Amino acid sequence: MSHIDPTRDAFTLFKGLDRTQPVEMLNLLRFREIAAYPDDGKISGEDAYKTYGRESAPVFARVGGKIIWRGLPLLTLIGPAEERWDMAFIAAYPSANAFLEMVTDPHYQTHAVPHRQAAVADSRLVRHAPLPVGDMFG
């Protein structure tokens, strides 16, 4: 089973958490080999995701979003081996309200979301509250 968009229940839970505090969203993405556009366009899922990035960028910037970490997953050392990812990143937002403003923005909905849906074969999106960093795991 693949996960591309949030379920209604998950979105309701997200909205029920504190909306005023900063959030960091861990994104894990696996792309389709060929993007799933309705017109059967023949571009890669990765290229379709790049289009999503270009289309979402103005809205992401307007709400105060920033990419604070990006990585290329190489191996799952602990976890299901079949869960392979093509891209991982953390997007930081000044608040959950900012994230909600982005995902409900009309331009984002009509010009960005269709490219993400065409690009992604499977994904994980995990909301985090930022914690202080240091030199220990705990």
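User: Let's start with helix α2: which of its residues are buried, and how do I read that word?

Analyst: Buried stands for a relative accessible area under 20%, exposed for over 50%, and partly exposed for anything in between, with a 1.4 Å probe and protein chains only. In α2, the buried residues are G45, A48, Y49, T51, Y52, S56, V59 and F60. A word on the source: this is a predicted model, in which local features need pLDDT of at least 70 and side-chain atom pairs count only at pLDDT 80 or more, while totals for chains, interfaces and linings use all residues. Residues are numbered from 1 along each chain as its sequence is written, and side-chain values use heavy atoms, leaving out hydrogens and water.

User: What do the buried residues of α2 pack against?

Analyst: Think of contact as heavy atoms within 4.5 Å. The partners are β1 (23-31), β2 (66-71), β3 (87-93), α3 (96-104), α4 (106-119) and β4 (120-128). Those labels come from DSSP runs, with helices being H or I of at least four residues and strands E of at least two, numbered from the N terminus.

User: How do I check the span of α2, and where does its kink lie?

Analyst: The expected span is 1.5 Å times one less than the number of residues. For the 18 residues of α2 (residues 45-62) that gives 26 Å, and the end C-alpha atoms are 26 Å apart, which agrees. A bend is the angle between axes fitted to the seven residues ending at a position and the seven starting there. By that reading, α2 has a kink of about 45° at S56, shortly before the proline P58. Just after the helix, G64 takes a positive phi of about 90°.

User: Where does α4 bend, and what happens at its start?

Analyst: The bend of α4 is about 40° and sits at A112, with the proline P114 following within four residues. For the start, you need the polar contact: a pair of N or O atoms within 3.5 Å, where within protein one must be able to donate a hydrogen and the other to accept it, and residues adjacent in sequence count only if both atoms are side-chain atoms. Here a side-chain oxygen of D105 reaches to within 2.8 Å of the backbone nitrogen of H107. The buried residues of α4, including Y108 and A112, pack against β1, α2, α3 and β4.

User: Which strands are joined to β3?

Analyst: Two strands pair if DSSP finds at least two bridges between them. β1 is joined to β3 by 7 bridges, running antiparallel, and L29 stands opposite M87. β2 is also antiparallel to β3, through 5 bridges, with R70 opposite F89. Strand β3 is largely enclosed by the rest of the structure, because 6 of its 7 residues are buried.
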